[in-house]
Amino acid sequence: MTKQSCATALVTMVGAAVFAFSLPAAPVHAEDGALTKAWNSTRQGTEKAWDKTKTGTSEAWDKTKEGTSKTWHKTRADTDKVWDKTKTDTDKAWDKTKSGTEKAWDKTKSGTEKTWDKTKTGTTDAAHDVGKWSERTGQKIGNTSTAVGHDIRNGFTDDNKK
């Protein structure tokens with residue numbers, strides 16, 4: 001800044017100060033009214049701004065809540081669908097397993113009964129065969145004793161009678 005422009009600025013400021021002091025003093029009432037108006041205006045502006053912020057926050061909260069609720073209900077509906085499908089598939093699998101188990105049990109039972117019947121028949125037949133065997137053995141032993149008796153008798157006598 002040059003000396004001349006600095007001097008001009010200084011003279012202008014001094015002139016403005018002199019002019020301001022030359023004005024009549026404003027009554028205290030006027031200042032009080034102006035300050036009150038300014039204060040009230042600022043307060044009302046602040047209250048309006050606060051109310052707008054409060055309303056905006058409340059509306060934003062409601063939208064968030066509504067969106068969250070919609071998302072929750074959609075998620076819940078999707079979860080319910082998945083659960084219902086899982087439950088249905090589990091029920092089907094259980095029914096198949098149960099049916100398969102019943103069929104396997106019936107086959108096992110039938111096979112066991114057939115095997116038991118064969119074992120029973122075989123055991124009965126074997127018991128009858130043992131009974132017959134003892135009869136046949138007894139007959140053979142009886143016949144053998146007679147034959148042995150004849151052979152011994154023939155050895156002691158010259159008689160060839162049988």
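Residues are classed by relative accessible area: buried means under 20%, exposed means over 50%, and partly exposed lies in between (1.4 Å probe, protein chains only). By this scale M13 is exposed, because its relative accessibility is 60%. The structure is a predicted model; local features need pLDDT of at least 70, side-chain atom pairs count only at pLDDT 80 or more, and totals for chains, interfaces and linings use all residues. Residues are numbered from 1 along each chain as its sequence is written, and side-chain values use heavy atoms, with hydrogens and water left out.

The chain holds two helices and zero strands. Both element types are DSSP runs numbered from the N terminus (helices: H or I, at least four residues; strands: E, at least two). Helix α1 covers residues 3-22. Helix α2 covers residues 28-156. Of the 162 residues in the chain, 0% are buried. The accessible surface of the chain is about 15000 Å² (Shrake-Rupley method, 1.4 Å probe; for residues, only the protein chains shown count as cover). Carbon and sulfur atoms account for 63% of that surface.

M13 lies in helix α1. Together with L10 and V14, M13 forms a nonpolar surface patch. The accessible area of the three residues together is about 320 Å². Patches are made of residues with over 30% relative accessible area and no salt bridge; nonpolar side chains (Val, Leu, Ile, Met, Phe, Trp, Tyr) are joined within 5 Å, and like charges within 9 Å.

Side chains of opposite charge can pair when their charged atoms come close. The structure holds four salt bridges (a side-chain nitrogen of Lys or Arg within 4 Å of a carboxyl oxygen of Asp or Glu). One of them joins E66 and K70, at 3.3 Å from N to O. E66 and K70 are separated by about one helical turn, because they are four residues apart in helix α2. E66 is partly exposed, with a relative accessible area of 46%. K70 reaches 54% and counts as exposed.

The side chains of K74 and D78 also meet in a salt bridge, at 3.4 Å from N to O. Both residues lie in helix α2, four residues apart, about one turn of the helix. K74 is exposed at 53% relative accessible area, whereas D78 is partly exposed at 35%.

A further salt bridge links K85 to D89, with an N to O distance of 3.3 Å. K85 and D89 are both in helix α2 and four residues apart, about one turn. K85 is exposed, at 53% relative accessibility. D89 is partly exposed, at 37%.
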